[in-house]
Amino acid sequence: MTTKTTWPLVRVLRDRDAGLYLSGVLVSGFGTSALWLASGVWVKDLTGSDGLAALCMLAMWLPTLAGPLLGTLADRGRRKPLLIGVNLLLGALLLTLVSVDAPGDLWLLYAVLFVYGAAGVVHDAAESALVATAVEPSLLGDFNGLRMTATEGMKLLAPLAGAGLYAAYGGASVALLDAATFVLAAGLHALLRVREEQPAPPTGSRRRRSAEGVRHLWAHPVLRPLVLAGGVTMLCAGLNGAMVYAVVDGLGHSPAYTGVLYAVQGAGSVAVGLLSGPALRHLGARRFAASGITLLAVAVALRAVPSDPVALVCSAAIGIGLPAVLIATLTSVQRETPGALLGRVTATAHTLVFTPNVVGLAAGAALVELVDHRPVLVALGAALLVTAAPLGQSPARAERTVSRSSSDASPA
């Protein structure tokens with residue numbers, strides 16, 4: 001009786017496996033965020049080229065397009081050994097970057113970042129599937145919120161640490177730091193006490209197995225609208241992100257002021273992660289996502305107002321609103337997908353949700369040079385409101401799965 005009345009967030013933190021998962025997220029997230037910043041600076045210092053520096057992000061994001069295919073790897077065997085192996089592989093791979101010290105060595109950096117991104121797709125899919133078996137279904141929203149808090153918290157701290165380490169000792173030192181975090185994360189995953197059964201041998205071609213994740217998402221009445229809304233939201237978020245320097249110019253500040261806006265936004269994301277579990281239970285996934293998108297819409301539109309207080313409030317609101325649809329979508333995928341398909345479906349959902357963000361960033365970078373940013377921001381706000389409207393309607397009965405077990409999602 002006492003366990004059931006304990007605050008769900010405390011129940012998640014008291015769970016040994018959940019605590020190990022979150023510790024792994026903190027550790028590997030710190031290294032990833034540090035390398036994310038340092039790799040671009042590293043290339044910029046070696047070549048003086050902004051374009052080549054931007055290719056670092058492209059190399060890391062490009063494998064996301066192959067999510068449905070890469071996700072099949074997470075369904076072919078037990079997920080715990082796969083997570084340990086991926087972490088150790090990345091740790092070893094990063095050690096090769098100590099030899100990068102001239103423009104002619106950059107091919108190695110790009111190759112490592114590409115493999116880094118591909119391994120990250122497999123890692124996220126396997127982790128999501130393993131979490132769904134290890135964490136009580138009614139606590140998945142709380143866990144995913146805490147995961148968001150941990151990830152965003154690292155984004156606030158790690159880039160500063162990475163920049164300081166790079167300035168003192170160079171890019172190789174940041175690569176070594178990231179390698180160490182992956183080895184430590186592998187050790188944390190090895191301590192998990194999750195019981196997994198060996199999956200049945202795969203049948204059919206890899207293409208057919210990859211397509212099963214897409215078919216499941218498209219046919220599911222709960223997941224399809226959430227994933228579509230998530231993709232549109234991230235497209236608009238990418239366009240909005242590309243406008244940030246124009247917003248700072250309109251405020252009369254130097255480009256460095258963007259760091260302040262991003263810090264406030266990150267603080268908002270940390271806060272919403274702590275509240276997402278109760279919000280999901282109270283509102284359901286559809287309305288929680290709709291509330292977040294609506295808040296995001298208002299905040300994006302109001303960024304057109306050239307006022308420091310408004311800009312800071314809008315940044316906090318964006319940090320609160322944007323993660324809502326991501327947490328709602330991931331939690332619903334975990335609850336509504338049979339375990340044998342969960343790796344593929346998670347990777348496919350990530351592809352459909354996060355790839356539009358890259359497209360939005362690229363399109364926004366071109367658009368901001370051609371038109372005034374203020375009408376664009378207002379138009380984005382309107383588009384986001386249209387996206388939120390269908391989700392705000394009465395949720396389908398099938399969405400109310402808080403108390404269901406993960407096996408209920410599969411007739412088998």
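The model is predicted, so local features are described only at pLDDT of at least 70 and side-chain atom pairs only at pLDDT 80 or more, whereas totals for chains, interfaces and linings use all residues. Residues are numbered from 1 along each chain as its sequence is written, and side-chain values use heavy atoms, with hydrogens and water left out.

- Helices here are DSSP runs of H or I with at least four residues, strands are runs of E with at least two, and both are numbered from the N terminus.
- Just after α3, Gly48 adopts a positive phi of about 75 degrees.
- Helix α7 (residues 106-134) has 29 residues that should span 42 Å, in agreement with the 41 Å separating its end C-alpha atoms.
- Of the 29 residues in α7, 21 are buried, leaving the helix mostly covered, where buried means under 20% relative accessible area, exposed over 50% and partly exposed in between, with a 1.4 Å probe and protein chains only.

**Helix packing**

- Axes are lines fitted to C-alpha atoms, for helices over the stretch in contact, and angles run from 0 to 180 degrees between N-to-C directions.
- Helix α13 (residues 258-302) and helix α14 (residues 308-336) cross at roughly 40 degrees, and their axes come within 4 Å.
- The contact of α13 with α14 has 28 nonpolar, 10 polar and no charged residues, with Ala, Val, Leu, Ile, Met, Phe, Trp, Tyr, Cys and Pro counted as nonpolar, Asp, Glu, Lys and Arg as charged, and the others, Gly among them, as polar.
- Helices α8 and α13 pack with axes 7 Å apart at an angle of about 170 degrees.
- That angle makes α8 roughly antiparallel to α13, a term for angles over 145 degrees.
- The contact of α8 with α13 has 10 nonpolar, nine polar and three charged residues.

**Leu140**

- Leu140 lies in helix α8 (residues 140-169) and is buried, with a relative accessible area of 2%.
- Not counting residues up to four places away in sequence, Leu140 touches Val131, Ala132, Val135, Thr331, Gln334 and Arg335, contact meaning heavy atoms within 4.5 Å.
- Leu140 and Gly277 are 137 residues apart in sequence, while their C-alpha atoms are 7.6 Å apart in space.

**Cysteines**

- Cys56 is buried at 2% relative accessible area, and Cys236 is buried at 6%.
- The disulfide count is zero, a disulfide being a pair of cysteine sulfur atoms within 2.5 Å.

Key. Expected span 1.5 Å × (residues − 1). Parallel < 35°, antiparallel > 145°, perpendicular 65-115°, else oblique.
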